[in-house]
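The sequence and the model are shown first, and a description of selected features comes after them.

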Amino acid sequence: MRLLVDTIGQVRVFKDRSLFGLPRYVIEHFDPEFGFRYTKVLSALWYKKDDAIEIAHNINEGLEWYYTQKNNYKQLILNM
């Protein structure tokens with residue numbers, strides 16, 4: 001069972017347990033254009049909650065940068 005820890009923009013962070021009972025963090029985000037789901041699994045033995053949230057922030061910033069650049073490109077094409 002996954003417990004929602006935090007939601008940062010379009011990125012969600014869950015806490016889960018593996019089949020062996022080891023805690024882990026699952027970071028998920030979706031690509032709205034194609035519908036792909038991206039999942040990153042982090043062992044809670046190596047990564048703490050703050051580290052998982054920091055990685056989720058970095059992923060969200062990358063997504064925001066991508067969509068900003070894409071929108072700027074569309075505006076450039078439309079203005080030509």
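Predicted model: local features only at pLDDT ≥ 70, side-chain atom pairs only at ≥ 80, totals over all residues.

**Salt bridges**

Side chains of opposite charge can pair when their charged atoms come close. A search of the whole structure finds 5 salt bridges. The table lists three of these pairs.

| Pair | N to O distance |
|---|---|
| Arg2 and Asp16 | 3.7 Å |
| Arg2 and Glu28 | 2.8 Å |
| Asp16 and Arg24 | 3.3 Å |

Asp16 forms a salt bridge with Arg2. This pair links distant parts of the chain, 14 residues apart: Asp16 belongs to strand S2, and Arg2 to the segment before strand S1 (3-8). Asp16 counts as buried because its relative accessibility is 8%, whereas Arg2, at 39%, counts as partly exposed.

Arg2 also meets Glu28 in a salt bridge. Because Arg2 lies in the segment before S1 and Glu28 in strand S3, the pair ties together parts that are 26 residues apart in sequence. Glu28 is buried, with a relative accessible area of 4%.

Asp16 has a further salt bridge, with Arg24. Arg24 is partly exposed, its relative accessible area being 27%. Salt bridges that share partners join Arg2, Arg12, Asp16, Arg24, Glu28 and Arg37 into one network.

**Arg37 and His29**

Arg37 lies in strand S4 (residues 37-43) and is exposed, with a relative accessible area of 52%. Leaving aside neighbours within four places in sequence, Arg37 is in contact with Glu28, His29 and Phe30.

His29 is found in strand S3 (residues 23-30). With a relative accessible area of 13%, His29 is buried. Not counting residues up to four places away in sequence, His29 touches Gln10, Val11, Phe36, Arg37, Tyr38, Ile59 and Leu63.

**Surface patches**

Which residues form a nonpolar patch on the surface? The patch consists of Leu19, Phe20, Leu22, Leu45, Trp46 and Tyr47, which together have about 840 Å² of accessible area. Leu19 lies in the loop between strand S2 (11-17) and S3. Leu19 counts as exposed because its relative accessibility of 87% is over the 50% cut-off.

A negative surface patch is formed by Asp50, Asp51, Glu54, Glu61 and Glu64. Among them, Glu54 lies in helix H1 (residues 49-79). At 47% relative accessibility, Glu54 counts as partly exposed.

Note on methods: Residues numbered from 1 in each chain as written. Heavy atoms only, no water. Patch = residues over 30% accessible without salt bridge, like charges linked within 9 Å, V, L, I, M, F, W, Y side chains within 5 Å. Areas by Shrake-Rupley, 256 points an atom, 1.4 Å probe, with all protein chains shown as cover. Salt bridge = Lys/Arg side-chain N within 4 Å of Asp/Glu carboxyl O. Lys, Arg positive; Asp, Glu negative; His and termini not counted. Charge placed at Lys NZ, Arg CZ, Asp CG, Glu CD. Helix = DSSP H or I, 4+ residues; strand = E, 2+ residues; numbered from the N terminus. Buried < 20%, exposed > 50% of the residue type's maximum accessible area, 1.4 Å probe, protein only. Contact = heavy atoms within 4.5 Å.
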